[in-house]
Amino acid sequence: MFFINETAAINGIADTIIKGGVSLYNAIKYIYSITEKDFYNVNIKDAFKVVLNNITDTDSLQALGLRINDRTCIEMQNEEYNRVLPMIVYSLAVRIPTLKNVKNGDDFMTDDQLYRLYTAVMEKGAENYKDMISETFLETKYLVRKGKKLPPFTADWYKTYIYTNVPSLAEITNKNMFLLGLVDVLFAMFYSCLEEELHNKIIEFTADKPEDEEK
Amino acid sequence: MNNSIVRFAVHDNNNFYKIDLSKTLLQFTEFDFTYFWEQCIEAGRMARKNGRLPQNIISNAKTVVSRAHPFVEACISNDYSEIVTDCIIEYICHSERIGLEELWARCITPKNLYETAIFRRISEYKANRAMNRWTSIVRLQEYARNKLEFIFGTSEGEPLLTEEIIRTRKEYFDLAVSVAANELGCPDNAMPSVRLCTPATLPNAAFAVSKVSKAIYRRFAEALSHGQDMSALENRNCSKIHDQVAMEAYAYVKNMSRPGEIDMNFALEAIRDNPTELYLPDSLKAVIDLEVELMIQRGIYLRKCESCGRYFTVTDDNTRCDRVNSSGKTCRKQYEELLESIAQAAKVNMPEEEIAPTPVPVVETKPDIPVTVPPETEKRSQKLYNALYKRVGKGIDENEFKEWSQYLSNMKRNLKIGEATLSQLDEFLDYSDRLCEEVKRASKTKTPHAPVEKTYERNSAPAQNAVEPAVQQPVVQNEPVQAPAEPQVATIVSSDEVNVKPFVPQTFDTLFDAFMAGYNDDDENEKVAPEKREKKHVEIKMPQWERLSREDAYGKKD
């Protein structure tokens, strides 16, 4: 695919993916904090609307008065849980080959461009801790090339990780049960919106094609 | 100590504020929010253009609204800090006929600071962290008016209200609200309330009485530094463990001895001027209710003025207030003069043989006819407003513009209540057109505009602007071209004509005027010169009633 400035485009798209990951990571924390004392004040539907309309705004939920701190989500303020962020970014990075389906006329991203994008994201701190995420870049690439349907983006790896590595969240409590229900819905919806955002971003980077090139 | 002053404090503020019983309430119920509203609309328009709310207009609007009530003034930096945004939100919803949900969804991905402000504010409403303070203040003004009317209102022929009746009415009114809240399942702690405190028992006492607090802290600093952290209680329901919490705090100071004389004198100096009683209301409604309650407790009552229909504080048996009305006099003085004139007219025109006092006839004024401003006039005035507003500080200074806009809004208000006519408004707008031209010219040359003859002042002047005729008079006289006054002056007989102002076309200073007016209306030749009219002999005839017998009136019974 033709970009005016390919490096800038690759970095820009990588940034969007990273920001999306951080946004999802924070959104989980913000929505989890509702259980502390805002269960009847904040409508979860509103929270979803805000997050999904501001995919790259990592703190958009502050508008609803939600805060992340030791009081509201102490269970998530530990080293084990902090590893979730690079894992979320990794789970998004391995799906980069699907961007091949984004077309600008007949133009689409080459394998090389996709790999460079994947590398850029991985360099910014993505990590598959203890191989919790079973999907890989190559596997996704293969499925896309074959035109096969990808498995849905789910929170299964997240829940497995929580059960096995974060005892404060694995405990059966009202708050933790709320969390498990929440992530199932949030992951799927968030990924769908992020895909759309990435499509727009890619088109944006190709939009201003110089006139002489077009001729 | 003044019996009519009480003091209150609010959360998140270390100052004390005062309420002048009855005056504060009357001021709030009569407060005109028009200027504030106009400022907000202007701020909204500019924000739409520039993408951010203009801070100068916002601070100006907040200053205006904080004059409505001391509680608003006290909370203008916290609870009422977003009142301008609230007003803009309300205006958008109202003018575009959309709900809050739709506006919120429109701004959910904000593109500029203005949209962010709206989105954040509506999000706060949705999460029960705030409410629309603008709509709330308007509703509370209506609430206060209704409450006063319910408690102090009297119908014609009703005997004077006793303390017992006033208290019963007040209790009945409050009870009605409580019953409604109870039936709707409203929890107790959701209703407004007031706490009675002293400065030392305020929630923020340590900061409100900071000097003495610091001295106390120094005495117990060491013990307190090892104390148990109780901040975790903030998010818990402590309603059942108040005593326990207080005793845990007390445990650290229980061995306290009385301080030495120097420290005690220092405390005395610091505490001496503090109020002994301090109320801590949690909302504006609570303050309004408190004021009414204290008024009744302290025997401060209100009465409706029989002339202007507005409430005033009762100081004696008078039924008229001391507000200056459209005639430039107070209702009380005007009424006294009316009575005097009636008595004089009765003396002058009474046949000599009729010495026996006759009952004073009641001069009934024709009810004022309210006029609605036609849309084209409204549009014209709006255009003029915009044109002049743009040039504030360039061709017209701020005070002059304020005076002009106040005059315009008074004129419109008077039209609505029937105290002015459309022609007077048109005359004022004609003057404003000329003024606008001058201002436009002046703004180009960056000099003050040339004086414009205030022709409308000869015939009209809205109520509030008509208070200082003695000051305005010489200025008018000094103007180069002065058209002769309208013949309307001929109908004014009062010795101090200069004080009489327009918008009272159907009221008369003396009985003589009333009869004269009636006489002229009936006269076929209406274009009689005013001087002739004055000289013409007027015969005042008493109505001649024929007494009918029962048979004449109803016919004979079968």
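Predicted model: local features only at pLDDT ≥ 70, side-chain atom pairs only at ≥ 80, totals over all residues.
Good morning. I shall begin with the place where the two chains meet. Chain A contributes 13 residues to the contact, and chain B contributes eleven residues. On the side of chain A that touches chain B, the element that gives the most is helix α2, residues 44-53, with four residues. Sorted by class, that side of chain A has four nonpolar, five polar and four charged residues.

Remaining with chain A, let us turn to helix α4, residues 84-93. This helix is mostly covered, since eight of its ten residues are counted as buried. The buried residues are A:Val84, A:Met87, A:Ile88, A:Val89, A:Tyr90, A:Ser91, A:Leu92 and A:Ala93. What covers the buried residues of α4(A)? The covering elements include α1 (6-37), α3 (79-82), α5 (111-123) and α7 (156-165) of chain A.

I now move to chain B. Its secondary structure comprises 23 helices and six strands. Chain B has 558 residues, and buried residues make up 23% of them. If one takes the contacts in chain B between residues at least 6 apart in sequence, 65% join residues at least 24 apart.

From α5(B), the residues B:Thr85, B:Asp86 and B:Ile89 meet B:Ala117, B:Ile118, B:Arg121 and B:Ile122 of α7(B). By class, the residues of this contact between α5(B) and α7(B) are four nonpolar, one polar and two charged.

The second pair involves helix α18 of chain B, residues 422-445. With 24 residues, this helix reaches 35 Å from its first C-alpha to its last, close to the 34 Å expected at 1.5 Å a residue. Its buried residues are B:Gln424, B:Leu425, B:Phe428, B:Ser432, B:Leu435, B:Cys436 and B:Val439. After α18(B) comes B:Lys446, whose phi is positive, near 60°.

How does the partner of this helix lie? The axes of α16(B), residues 375-390, and α18(B) come within 10 Å and cross at roughly 30°. Angles under 35 degrees count as roughly parallel, so α16(B) is roughly parallel to α18(B). The crossing of these two helices, α16(B) and α18(B), is left-handed. On the α16(B) side, the contact is made by B:Thr377, B:Arg380, B:Ser381, B:Leu384, B:Ala387 and B:Leu388. On the α18(B) side, it is made by B:Leu425, B:Leu429, B:Ser432, B:Asp433, B:Cys436 and B:Val439. The residues of this contact divide into seven nonpolar, three polar and two charged.

Finally, I would draw attention to two loop residues of chain B. B:Asp12 is not a glycine, although its phi is positive, at about 60°. This residue, B:Asp12, lies in the loop between β1 (5-8) and β2 (17-20) of chain B. Is B:Asp12 buried or exposed? B:Asp12 is exposed, with 12 other C-beta atoms within 10 Å. B:Arg97, likewise no glycine, has a positive phi of about 50°. B:Arg97 is found in the loop between α5 and α6 (100-106) of chain B. B:Arg97 counts as exposed because it has 7 C-beta neighbours inside 10 Å, and a residue with 12 or fewer is classed as exposed.

Thank you for your attention.

Definitions and conventions
Residues numbered from 1 in each chain as written. Chains lettered and ligands numbered in written order. Contact = placed C-beta atoms within 7 Å. Nonpolar A, V, L, I, M, F, W, Y, C, P; charged D, E, K, R; others polar. Buried ≥ 20, exposed ≤ 12 C-beta atoms within 10 Å, placed from the backbone. Expected span 1.5 Å × (residues − 1). Axes fitted to C-alpha atoms, helices over the stretch in contact; angles between N-to-C directions. Parallel < 35°, antiparallel > 145°, perpendicular 65-115°, else oblique. Left-handed = near helix turned anticlockwise from the far one by under 90°.
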